[in-house]
Amino acid sequence: MFVAADSENDLPIFPMLERASRHDMLSFLHTFFSMKSYLPAFHIEKLLLDSAHDAYPLYDYCKTNRITPFIDLNPGHTGHFKYKNDFTIDEDGVPVCKMGLRMHHDGVEKAKHREKYRCPLANRKKGCFCEHPCSGSKYGRTVHIQQKDNPRIFNIPPRDSKKWKLAYNRRTSVERSNKREKIDYKLEDGRHRSSKMWYCRLYAIMMLQHLDAWKMPTRVDTIFTFSRIANTK
């Protein structure tokens with residue numbers, strides 16, 4: 001199920017019944033490109049996916065189609081590795097200096113598709129306080145992470161940033177939408193043998209979800225109502 005994560009009511013967009021024996025990645029690909037064929041004008045800006053979809057081809061596809069991927073790393077595919085021969089990369093894509101310290105994120109250069117990290121012990125005014133500095137510059141050692149080096153590890157925004165975490169937290173919208181369909185609208189109470197009947201039941205429930213959204217007040221309307229009540233008192 002694809003859900004509009006930026007909607008106030010966790011609205012469903014496109015469903016596809018898949019075999020439980022199929023891997024989540026294969027089910028995603030089938031459903032995603034089916035949605036693209038049915039909804040060619042539908043514009044996707046971000047993809048919020050769990051670690052089962054952590055694969056290089058998906059990152060390459062997102063880059064080619066100008067989609068920002070927010071994909072959790074698969075713990076079975078991560079690990080420390082060398083970068084530029086003298087730095088290692090942490091499991092969430094943050095450079096680790098020779099002293100074993102995670103470097104501070106110091107901005108993103110979108111035009112060059114790279115992120116900037118600085119020495120964690122360097123002060124812009126007072127210099128570097130490290131006992132074994134790896135740079136003679138007062139500014140401290142700087143490392144630029146090129147997204148093209150490894151689009152899976154080096155994300156923009158980076159995984160340890162607040163912007164990435166706020167966006168990825170919206171992935172729970174699909175769980176709320178599924179709960180609405182399965183429990184509130186009793187999707188699984190059907191005893192259908194045909195997939196066509198399951199689709200009929202599912203699409204009817206999805207239409208009810210959208211009808212409910214028309215009647216439910218938005219967050220702005222709710223705040224306005226509360227403020228009016230407070231002013232009246």
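I will go through the nonpolar cores, the aromatic pairs and one arginine of this predicted model.

Two remarks on the basis come before the residues. Because this is a predicted model, local features need pLDDT of at least 70 and side-chain atom pairs count only at pLDDT 80 or more, while totals for chains, interfaces and linings use all residues. Residues are numbered from 1 along each chain as its sequence is written, and side-chain values use heavy atoms, with hydrogens and water left out.

Let me start with the cores. By a nonpolar core I mean a set of buried Ala, Val, Leu, Ile, Met, Phe, Trp, Tyr and Cys residues joined through side-chain atoms within 4.5 Å, where buried means under 20% relative accessible area, exposed over 50%, and partly exposed in between, with a 1.4 Å probe and protein chains only. The largest such core has 14 residues, and among these F28, F32 and L47 touch the most other members. The elements that give two or more residues to this core are α1 (24-38), β3 (46-49) and α2 (56-64), helices being DSSP runs of H or I of at least four residues and strands runs of E of at least two, numbered from the N terminus. Helix α1 gives the largest share, four residues. If we leave aside residues up to four places away in sequence, L47 touches F2, F28, F32, C62, I67, T68, P69 and F70, a contact being heavy atoms within 4.5 Å. A second, separate core of 11 residues includes L73, F87, Y117 and F154.

Now to the rings, of which the structure holds 10 aromatic pairs. Rings of Phe, Tyr and Trp (its six-membered ring) pair if their centres lie within 6.5 Å, and planes under 30 degrees apart count as stacked, over 60 as edge-to-face and the rest as tilted. F14 and Y38 form a tilted pair, 5.8 Å centre to centre with 35° between the planes. F14 lies in strand β2 (residues 12-14) and Y38 in helix α1, so this pair ties together parts that are 24 residues apart in sequence. F14 is buried at 7% relative accessibility, whereas Y38 is exposed at 62%. F2, F28, F32, F33 and Y61 form one aromatic cluster.

R118 and R141 are 23 residues apart in sequence, but C-alpha to C-alpha they are 5.9 Å apart in space.
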